[in-house]
Amino acid sequence: MKSAVVLLPGLNRDRDMIAALTKVSGSPPVTVWQTDTEIPDVDLIVIPGGFSYGDYLRCGAIAARMPVMRAVAEKARQGVMVMGVCNGFQILLEAGLLPGALMRNTSLKFVCREVKLEVANANTPFTRAYRPGQVIRCPVAHHDGNYFADAETLARIEGQGQVVFRYAEGTNPNGSINDIAGIIDARGNVLGLMPHPENLIEAAHGGVDGRGMFESALGIAA
Amino acid sequence: MIKARITVTLKNGVLDPQGKAIEGALGALGFEGVGHVRQGKVFDVELEGSDPAKAEADLKAMCDKLLANTVIENYSIALGS
């Protein structure tokens with residue numbers, strides 16, 4: 001399975017993401033720059049975290065309107081797996097590839113800590129390596145991770161199993177509605193989540209709880 | 001030249017943690033009788049041309065495509081001189 005990482009000015013988790021994809025798959029991902037209008041033939045496209053365009057206007061708002069995101073949207077339409085982590089999740093929402101919005105944390109504080117995540121839907125291309133309801137550890141680091149959707153949208157995504165990860169055991173760090181940490185699109189090939197699975201993939205990280213997401217998406221897990 | 005002011009505000013029912021913090025700070029300063037405070041954004045935009053109808057249509061498109069996130073925000077457009 002081949003992967004690509006989207007690069008935008010102001011992202012700062014791209015190296016972690018490239019390292020994780022390289023270590024899990026055995027080969028490095030290709031990288032695509034914000035002005036690229038075509039993305040090579042890959043199975044998985046990842047938008048990493050950071051502060052694209054300094055979070056100006058709204059987190060992810062400017063990045064979502066760059067040429068590369070039209071190419072990402074086209075690949076998503078073709079069924080290619082797309083994964084956005086942290087700022088990448090914000091970008092996918094701003095691009096309209098996922099429903100809802102991410103707002104300032106209710107604490108108004110930047111949170112950088114480990115949380116517990118419940119795998120609310122293990123039947124996705126990104127979570128097959130986990131058991132339904134499994135609780136994993138994962139780091140978060142963000143200021144705007146407070147997921148919001150109107151009542152109608154929320155009922156729809158809850159009803160269709162589009163909530164993939166929830167903060168568990170009282171560790172919701174940002175006030176997200178229904179403890180939502182990550183969601184998938186209705187078709188099931190675009191995932192966005194605030195936590196950073198790329199930072200928990202090997203023993204040196206203190207655990208491998210995040211590895212399953214990459215193993216699932218890269219077809220390494222059954 | 002047409003000057004316009006675009007005001008972007010959070011929709012009703014959307015939690016505004018920053019507005020809440022400002023509300024608390026106003027109370028701490030001793031201002032009494034302050035109800036809810038909601039924080040928004042203002043954009044002053046200059047446009048070439050003199051056709052107000054075209055300006056309004058362009059500004060609306062700018063709001064829908066970039067300046068506002070209509071999932072959580074409303075906007076209003078005021079044309080100046």
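Select Asp55(A): at 23% relative accessibility it counts as partly exposed, since that class lies between buried (under 20% relative accessible area) and exposed (over 50%), with a 1.4 Å probe and protein chains only. The model is predicted: local features need pLDDT of at least 70, side-chain atom pairs count only at pLDDT 80 or more, and totals for chains, interfaces and linings use all residues. Residues are numbered from 1 along each chain as its sequence is written, chains are lettered from A and ligands numbered from 1 in the order in which they are written, and side-chain values use heavy atoms, with hydrogens and water left out.

**Two loops in chain A**

Asp55(A) sits in the loop between S3 and H2 of chain A. Helices (H or I, at least four residues) and strands (E, at least two) are DSSP runs, numbered from the N terminus. The phi of Asp55(A) is near 60°, a positive value in a residue other than glycine. Most residues other than glycine have a negative phi.

Next, select Cys86(A), in the loop between S4 and H3 of chain A. Cys86(A) also is not a glycine and has a positive phi of about 60°. With a relative accessible area of 5%, Cys86(A) is buried.

**The sheet**

Now show the strands of chain A. Nine strands form an open sheet of mixed pairing, in the order S2-S1-S3-S4-S11-S10-S9-S6-S7; two strands pair if DSSP finds at least two bridges between them. Strand S2 (30-33) and strand S7 (135-142) of chain A are at the edges with a single partner strand each, so one side of each has no neighbour in the sheet. From one strand to the next the twist averages 25°. Axes are lines fitted to C-alpha atoms, for helices over the stretch in contact, and angles run from 0 to 180 degrees between N-to-C directions.

Zoom in on strand S1 (residues 3-7) of chain A, which pairs with S2(A) in the parallel sense over 4 bridges. Ala4(A) is opposite Val30(A) in S2(A).

Helix H3 (residues 87-94) of chain A lies across S3, S4, strand S10 (180-184) and S11 of chain A, at about 120° to S4(A).

**The core**

Which residues touch the most other members of the largest nonpolar core? Select Leu44(A), Met83(A), Tyr147(A), Phe165(A), Ile183(A) and Phe214(A), from a core of 70 residues. A nonpolar core is a set of buried Ala, Val, Leu, Ile, Met, Phe, Trp, Tyr and Cys residues joined through side-chain atoms within 4.5 Å. Helix H2 (residues 67-77) of chain A gives the most to this core, with 6 residues.

**Chain B**

Move to helix H2 (residues 52-67) of chain B. The end C-alpha atoms of its 16 residues are only 19 Å apart, short of the 22 Å that a straight helix would reach at 1.5 Å a residue; the expected span is 1.5 Å times one less than the number of residues. Its buried residues are Ala55(B), Leu59(B), Cys63(B) and Leu67(B). The buried residues of H2(B) pack against strand S1 (2-10), strand S2 (41-47) and strand S3 (73-79) of chain B. On the face turned away from the buried side, select the exposed residues Ala53(B), Lys54(B) and Lys65(B).

Terms used:
Contact = heavy atoms within 4.5 Å.
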